[in-house]
Every structure is written in C-alpha cells, then in structure tokens.
Amino acid sequence: MELAEQEIALGEVTLRRFRGEADFPEFFRVIEESLEHLRPWMPWVAEHSGAKTTAFLAERPELWESGRDFTYAILLDGAIVGACGLFRREDTEANGREIGYWLHPAATGRGIATRTARALAEQAFRLPGVDFVEIVHDPANLASAAVPARLGFTEYRRRPAEAVAPAETGEEQIWRLRRG
C-alpha cells in the first residue's frame with residue numbers, strides 16, 4: 001500500500017520524493033546557496049557537509065517505506081528550491097504528524113511554503129489514523145509563523161526548547177490543524 005503520493009503537482013511547484021544520489025548535486029548546491037538564509041533557524045546548518053547531505057538522502061527511502069517520514073524536494077519549474085516533509089517525531093502522538101519546510105532565499109515570498117504546507121496537510125489527512133497536523137517553529141521566525149496562520153492552523157501551545165540555532169529564543173510555537 002502506497003502511504004503518500006510520490007509526486008504532488010501544484011502548478012509550477014512540484015513536491016517530489018527525493019531520488020537519492022541522483023538529487024545530490026542540485027540539492028547540495030541549493031543548500032550551499034541557502035546557508036546564510038537558513039542559519040538563524042535551522043540547527044543542522046552548523047554541521048552541513050557533503051557527507052551529511054549524502055547521509056540525509058540515503059536515509060530517505062527507509063523512512064518513507066516505514067511511513068515515518070515523507071520527505072520531498074520542492075521544485076519550482078523543475079528545479080529544486082528547497083525541501084519539505086511530513087513526519088512523526090518520537091514524542092508526537094500516534095494520531096498526529098508534523099510538517100517542516102525550507103526554501104532557497106530566491107524562492108521565498110511567492111507563496112511556495114504555503115502551498116507546500118497545504119498539500120502536506122492534505123496528504124497527512126489521507127494517512128490512516130491521522131487526526132491532526134502541526135507546524136512547529138521558533139516564535140521569532142515570523143516568516144514560518146505566517147504559513148500556518150494563512151492556512152487556518154490555530155496556535156496550540158508554546159513550550160520551552162533548547163536554543164540551538166543562532167536566532168532561536170528557547171521556545172517553540174506549535175500550530176495545529178485538526179481533520180475537518
């Protein structure tokens with residue numbers, strides 16, 4: 001049984017399951033070009049390397065097949081401009097999933113993150129037993145906060161979190177959308 005669509009067409013934007021090593025050159029370049037844009041909010045940027053990107057891409061098939069993590073390349077007119085995922089953390093309730101996303105700075109401000117999150121939420125509610133979807137971010141990351149607000153998510157709660165990226169405040173803002 002296929003749990004999630006491998007490709008989701010959203011007009012000029014496509015979410016496509018990663019293709020392992022075949023995606024490495026383009027994906028690595030997009031990350032490299034996005035480092036300064038991502039550094040304030042994404043802790044993994046501090047350890048970014050070719051080896052880490054290779055390992056990330058190598059882990060995707062097993063995580064996909066397990067139903068735990070559906071990670072997509074975000075393509076704009078066929079070119080990778082970011083990544084997104086629909087996943088379940090170990091501390092996430094069994095009936096919930098989380099959405100994450102990031103974009104190359106040249107792809108921001110076009111509604112791509114909003115369309116991506118909407119598509120992933122729709123995908124989540126097609127999965128058996130999923131009753132809610134969350135978007136979690138640092139409250140100081142106003143661009144990330146705008147996405148769930150536009151999509152009708154409600155602020156569910158805030159919780160303390162270790163500040164591991166330079167701009168993080170030590171708090172997480174959690175938005176939740178329930179199956180409607």
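A salt bridge is a side-chain nitrogen of Lys or Arg within 4 Å of a carboxyl oxygen of Asp or Glu. By this rule the model holds 16 salt bridges, and Glu59, Arg60 and Asp69 are linked in a network of them.

The model is predicted: local features need pLDDT of at least 70, side-chain atom pairs count only at pLDDT 80 or more, and totals for chains, interfaces and linings use all residues. Residues are numbered from 1 along each chain as its sequence is written, and side-chain values use heavy atoms, with hydrogens and water left out.

**View 1. The buried side of helix 4.** Helix 4 spans residues 142-150. Helices (H or I, at least four residues) and strands (E, at least two) are DSSP runs, numbered from the N terminus. The buried residues of this helix are Ser144, Ala145, Val147 and Pro148. They share one side of helix 4, because they cover an arc of only 150° around the axis. That arc is taken from the directions from the helix axis to the C-beta atoms. Leu142, Ala143 and Arg150 are exposed on the other side. Buried means under 20% relative accessible area, exposed over 50%, and partly exposed in between (1.4 Å probe, protein chains only).

**View 2. What helix 4 packs against.** The buried residues of helix 4 pack against strand 5 (96-103), helix 3 (112-124), strand 6 (132-137) and strand 8 (171-178). Contact here means heavy atoms within 4.5 Å. Just after helix 4, Gly152 takes a positive phi of about 85°.

**View 3. The largest pocket.** About 1300 Å³ of space lies in this pocket. On a 1 Å grid over the protein atoms alone, a pocket is an open set of points where a 1.4 Å probe fits, with protein on both sides within 12 Å along at least five of seven lines; lining residues have an atom within 4 Å of a point. Grid points are joined across faces, edges and corners, and the volume is the space filled by probe spheres set on the points. The lining counts 42 residues, and Met42, Pro43, Trp44, Phe87 and Arg89 lie nearest the centre. Helix 2 (50-66) gives the most to the lining, with 6 residues. By class, the lining has 19 nonpolar, 9 polar and 14 charged residues. Ala, Val, Leu, Ile, Met, Phe, Trp, Tyr, Cys and Pro count as nonpolar, Asp, Glu, Lys and Arg as charged, and the others, Gly among them, as polar.

**View 4. The second largest pocket.** Its volume is about 370 Å³. Of its 20 lining residues, His37, Thr108, Ala113, Ala143 and Ser144 lie nearest the centre. Helix 1, strand 5, helix 3 and helix 4 each give two or more residues to this lining. Helix 4 supplies the largest share, 5 residues. The classes are 11 nonpolar, 7 polar and 2 charged.

View 5. Side chains of opposite charge can pair when their charged atoms come close. Glu36 pairs with Arg39, the closest N and O atoms being 2.8 Å apart. Glu36 is exposed at 58% relative accessibility; Arg39, at 30%, is partly exposed. In the salt bridge of Glu47 with Lys52, the closest N and O atoms are 3.5 Å apart. For Glu90 and Arg68 that distance is 3.9 Å. Glu90 lies in the loop between strand 4 and strand 5 and Arg68 in the loop between helix 2 and strand 3, so the pair ties together parts that are 22 residues apart in sequence.
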